[in-house]
Amino acid sequence: MIITYMRSSSYNNYDYCQMQYFITYVLGHRSISGKKAQLGTVVHKVMECLASCTKRLQDDPQKSMYIKDDALGKINFTAKSLFTKTFVSKILTRSYEHYTENCTHKYTGADIKFCREATDKGLSYNDGQFDPRKRTIVAAEPQFDILIDEPWAKYKYKMPNGEMMKGQLAIKGTIDLVTRVSDETIEVIDWKTGRRLNWATGEEKTYEKLLDDPQLLLYNYAISKLYPDYNLLYQ
């Protein structure tokens, strides 16, 4: 297989099933997300929008503001409404309708209830520790495409027509949220609604195992390149 870049999802997919990796990342066939994953996306979008609105407010506070989300479109808010339960509920409803409207899965009242409870839990946990509205936002959903500047990352492939393809392995991805803790320290937050499991082995990801987690190591490398002047914390 010709591999020119890695994502945390592709790495984990290869670890789980090499044939699935080939079908997804080489042939380009995207399978339909499971229902639980789809509901997780609904909650993730709420957190993303709250972070984007907070970033907009912090950068240029005005009486009336808006953001343009790639999925939900234009979202209007004020400095006051951003912190209300009504605003969160409206974003959640829009997110739920967007991601379930044309999906093949069947959804019930229990599903929207799950999304509301997961959102509430994320915002209220430990007195709002992970509520993006209470954080100093460095970047919401920053994307990266970084070449790995190491000798082992060089690749060389011979194509079917005889031509040689050379290059440097890259890492690509999107980080959920980067916040500033102090002038020297940033904290990286990754939104999760599912169980803390290694899906290839079924084992729980303990603190010790997370120290060697491929996604965290990949993100650590990316963050060190994107924000070299900061120390790094993960949540």
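A: **Helix H1 and its neighbours**

In this predicted model, helix H1 (residues 8–16) packs with helix H7 (residues 214–226) at an angle of about 150 degrees, and their axes lie 9 Å apart. Because angles over 145 degrees count as roughly antiparallel, H1 is roughly antiparallel to H7. The crossing in which H1 passes H7 is right-handed. On the H1 side, the contact is made by Ser8, Tyr11 and Asn12, while H7 contributes Pro214, Gln215, Leu218 and Tyr219. By residue class, the contact of H1 with H7 divides into four nonpolar and three polar residues, with no charged ones.

Turning to burial within H1 itself, Ser8, Ser10 and Asn13 are buried, and Ser8 is also one of the residues that H1 brings to the contact with H7. The cover over the buried residues of H1 includes S1, H2 and H7.

Helix H2 (residues 18–26) has its own buried residues, namely Tyr21, Thr24 and Tyr25. Seen down the axis of H2, these buried residues fall within an arc of 80 degrees, so they line one face of the helix. An α-helix has 3.6 residues a turn, so residues three or four places apart point the same way. The buried residues of H2 pack against strand S1 (5–6) and H1, and H2 in turn is included in what covers the buried residues of H1. After H2 comes glycine 28, whose phi is positive, near 80 degrees.

Definitions and conventions:
Residues numbered from 1 in each chain as written. Predicted model: local features only at pLDDT ≥ 70, side-chain atom pairs only at ≥ 80, totals over all residues. Heavy atoms only, no water. Axes fitted to C-alpha atoms, helices over the stretch in contact; angles between N-to-C directions. Helix = DSSP H or I, 4+ residues; strand = E, 2+ residues; numbered from the N terminus. Parallel < 35°, antiparallel > 145°, perpendicular 65-115°, else oblique. Left-handed = near helix turned anticlockwise from the far one by under 90°. Contact = heavy atoms within 4.5 Å. Nonpolar A, V, L, I, M, F, W, Y, C, P; charged D, E, K, R; others polar. Buried < 20%, exposed > 50% of the residue type's maximum accessible area, 1.4 Å probe, protein only. Arc of directions from axis to C-beta.
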